[in-house]
Each structure stands twice: as C-alpha cells, then as structure tokens.
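Please look over the model below before reading my notes.

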Amino acid sequence: MLAVTATSFDEADPLAGLRIGEMPQPDPPPGWAVVDVKSAALNQHDLWSLRGVGLTEERLPMILGCDAAGLDAEGNEVVVYPVISDPDWRGDETLDPRRSLLSERHPGTLAEQVAVPARNLVPKPPELSFEEAACLPTAWLTAYRMLFAKARAQPGSTVLVQGAGGGVSTALVMLGKAAGLRVWVTSRSDEKRARALELGADQAFETGARVPERVDAVMETVGAATWAHSVRSLKDGGVLVVSGATTGNSPGAELQHVFFRQLSVLGSTMGTRDEFERLLRFLVDTGVRPPVHEVVPLSEARRGFEALLGGDVVGKVVLTPPRT
Ligand SMILES: NC(=O)c1ccc[n+]([C@@H]2O[C@H](COP(=O)([O-])OP(=O)(O)OC[C@H]3O[C@@H](n4cnc5c(N)ncnc54)[C@H](OP(=O)(O)O)[C@@H]3O)[C@@H](O)[C@H]2O)c1
C-alpha cells in the first residue's frame, strides 16, 4: 500500500528522511482493527518524528501520522482516537506511562490502511466529513483539554492564544469562541491575524505586543518565542496551559512572576477517549468545523509537509489516499 514514512532523522532538514512509497499492509494482532483511511491529517508531531524526537532508529522506516478517519472492516465510518495505552491500563489514557501515539511505536495513519486497538475506534458523526473528522484527534483534542479540562475556562473570561495560525491554535480560537470565551490571539503575520479574526477571535495582536489588559488564561504551544510574554500577560492567579514548544524550551522561566503573582502553569497532552467523544459532540451541536488549509493527495504528501515546515498554514493539512 502507499504510505508516507520516516526513513532517517535529520534535525536541520527533517524532510530529508521523508519517503512516499510502498509499505506492507497492516498485520494486526488480536484485538486490533484495520481502518481503510479516507483522510489523514498532518501535525507538527510528524516533523518532530523526522527529527528523531519520540521515535528511535531501530523502528525505521516508520509510517508517519497520528490522525485519521475512515472505514472499519464492516464499513462503519470511524475516526481514530490516537493515544495507544496499555491494554491493562484503566482511567486517563494520557497518564499511562507506557502510552504512545500512532507512528511512535506502531505504524501511523499516513497510509491507505492503519491498524489500531479496536477500543481506539470512535464512530464518526455523519455531520462531519472524513476530512473534517481527520483534523480532530491530535490538534483539536489537545485544544479541547487545554481549555476545558486544564484551564477550566469560564464563559466571559479572557483567554490569550499564542501563535494564531497553528493547528492547535485555530482549534483553541474556535472552541473557545463557541464556548462563550473572549479569545485574543497573537501571530507574527498580518494575514494570520486577519484569518484568526475571521475564525472568531475577538482581538489579534502582533507576537510579543502588550495586550490591553491581563488575561485569565494563556494557551501556549509556541515555547521560547512567546513564553515570557505569556507569563507577563496573565492576571495574578491566572493559568498558563502549555502543550507544546515549537520554538524550543524557554531560556527564562520568569519564576518571579510565577510565584509572586501566584500563577499556575499546567502541562497538557492530548486528551482522553471520553474527551474525544465530547469534542465530537460539541462540534456536531455547535456547528463548529475545523478549517482545512489544503487537501493533498497522499502521493504528493511532501508538498503538505513543506507547507507545515514553512509555517505558512492556517488550520490543517489533510492527505487523501488514492482509493478514496
Ligand atoms: N502535547 C500534545 O499533546 C500536543 C498535541 C498537539 C501539538 N503539540 C505541539 O504543539 C505545537 C503546535 O502544534 P501545531 O500542530 O498547532 O503546530 P503548527 O500548526 O505548525 O503551529 C505552530 C505555531 O507556532 C507559531 N510559531 C512558530 N514559530 C514561531 C516563532 N518563531 N515565533 C512565534 N510563533 C511561532 C506559529 O504562529 P504564527 O505563525 O501564527 O505566528 C504557529 O501558529 C507543536 O510543538 C506540537 O508538537 C502538542
């Protein structure tokens, strides 16, 4: 089957190890199910994998991709919950120390087929297209947990989202707005600030610009480039939720601000299967749909990766395998 794989690691040039070609079809163990992929979506995670983060040399070549929607063996429309926890683990899947995401230990979703534990199949609501559903498992689930489980954001409170164009950031804007929050964003580009306003943000600022008043919560995925601004933009007692560090670790933790102004810094990773089901229901009920930056044939995946690497993306890049 056609698949997109990482064949080697290169921190400086991650696309050097990207290969689009034939790979064996999945041979699932008992209790696992095969999904015919209709749509898959790219994430920064795929670029991290190509840099050797979260993936080891002996697992290469590895099929990339965390997100997919498609058909199970019975022809049911499904979307894949992407956190693979130990079969004996009970409770919050994201706290299982043995968990992995697809493409870390098991072949990922950027292929004609993917195998996952049967419990990771979630019915796709008919109201969502395969393309829309494929955008949700990583970026949108992460955003849902950051806002509602970690920050516990209340309607009417002000939330600052750093890096308006990103997959997680666009989800934060749209989910936050639909839940009655006042959403402010930052971005380096005029165009992305304008797009964030179209998606529902109340105000958009240049990256690092002073905000008109301090906010209740900040959503951070950018890392070093925005961390100090995030800390300084929070009200006393405010909450900073961090789920990513695209620009690397912060050189300064701003500890004086954190303790003296009694800020809470909360890490967040992915979300539970229950949260994923609630996210799907929330989208069906509110009519919110993930913005798709571009739909690219799987055979032309390199183009999608180049766009993601270049940072010139608003929303998600979706890949479609040849049979769809
Ligand atoms: N913990 C988890 O479970 C989890 C889940 C999903 C993602 N993540 C992580 O979260 C991060 C974002 O993921 P994503 O898929 O949303 O990525 P993405 O779509 O590529 O977004 C990256 C964002 O970073 C901003 N950015 C990049 N370089 C910047 C710089 N030098 N200065 C300021 N802003 C910069 C961009 O903002 P502008 O261009 O608008 O300025 C862009 O919005 C990644 O590091 C990813 O690994 C973690």
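1. Basis. This is a predicted model, in which local features need pLDDT of at least 70, side-chain atom pairs count only at pLDDT 80 or more, and totals for chains, interfaces and linings use all residues. Residues are numbered from 1 along each chain as its sequence is written, and side-chain values use heavy atoms, with hydrogens and water left out.

2. Ring pairs. There are four aromatic pairs. Rings of Phe, Tyr and Trp (its six-membered ring) pair if their centres lie within 6.5 Å; planes under 30 degrees apart are stacked, over 60 edge-to-face, the rest tilted.

3. Tyrosine 144 and phenylalanine 148. This pair is edge-to-face, at 5.1 Å centre to centre and 70° between the planes. Both residues lie in helix H3 (residues 136–150), four residues apart, about one turn of the helix. Helices are DSSP runs of H or I, at least four residues; strands are runs of E, at least two, and numbering starts from the N terminus. Ring pairs link Tyr144, Phe148 and Phe282 into a cluster.

4. Burial. Buried means under 20% relative accessible area, exposed over 50%, partly exposed in between (1.4 Å probe, protein chains only). Tyrosine 144 is buried because its value is 11%. Phenylalanine 148 has 24%, so it is partly exposed.

5. Charges over a ring. The criterion is NZ of Lys or CZ of Arg within 6 Å of the ring centre and within 35 degrees of the ring normal. Lysine 124 has its charged end over the ring of phenylalanine 130, 4.7 Å from the centre. Lysine 38 lies over the face of phenylalanine 130, at 5.9 Å from the ring centre.
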